[in-house]
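Hello,

Here is the structure for your files. My notes on what I found follow below it.

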Amino acid sequence: MCIRDSHYFEEISIPSFDISSEVDKQEVRNAVDQAHRELRTRFDFKGVEAEISFQEETILLSAPEEFQLKQLKDILRDKLVSRNVDSRYLISGSVEGLGKVKRQSLELRQGIDREAAKAIVKLVKDTKIKVQSQINGEKLRITGKKKDDLQKTMAVLKEASLELPIRFDNFKD
């Protein structure tokens, strides 16, 4: 019979963090509600059949004219910014004309797609910081031996002009 000491099997923790691009849907819903309320009180939209609505992964805008759709989008972006939601999460669809009403859908970007993940990995490798990056579905995991290297990597990624907003999660020391 062999008895093993538990201290031999302690988990070795390697410093790491995850990079993700997930929008807080509740904050988006709140921003849409605020934009809808502002729409009802604005003088330039009195008597105009304009609407902003949120459905799972899509925000729908509708108005009689295309310039009014642009105004609706500006109102929405203003409310998103006030709720700390990056407007880069929105992917604008094309404007569709249905009779007297023009419509546009704004898709919510969720996760990091393969091409963006490869671009981030390349950016991290080009820094020559001693960290490793790994693509895990719609997230990336960055690992390194030193916490300082991970923090330098975060700083580089914050400064980079990426086309999508990113968050740093699960920082493990």
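The buried residues of α2 (66-82) are Q68, L69, L72, K73, I75, L76, K79 and L80. Buried means under 20% relative accessible area, exposed over 50%, partly exposed in between (1.4 Å probe, protein chains only). Helices (H or I, at least four residues) and strands (E, at least two) are DSSP runs, numbered from the N terminus.

The buried residues pack against α1, β2, β3, β4 (90-92) and β6; contact means heavy atoms within 4.5 Å. N84, with a positive phi near 60 degrees, follows α2.

This is a predicted model: local features need pLDDT of at least 70, side-chain atom pairs count only at pLDDT 80 or more, and totals for chains, interfaces and linings use all residues. Residues are numbered from 1 along each chain as its sequence is written, and side-chain values use heavy atoms, with hydrogens and water left out.

Now the cores. A nonpolar core is a set of buried Ala, Val, Leu, Ile, Met, Phe, Trp, Tyr and Cys residues joined through side-chain atoms within 4.5 Å. The largest has 24 residues. V28, I52, I59, L72 and L76 have the most contacts inside it.

Best wishes
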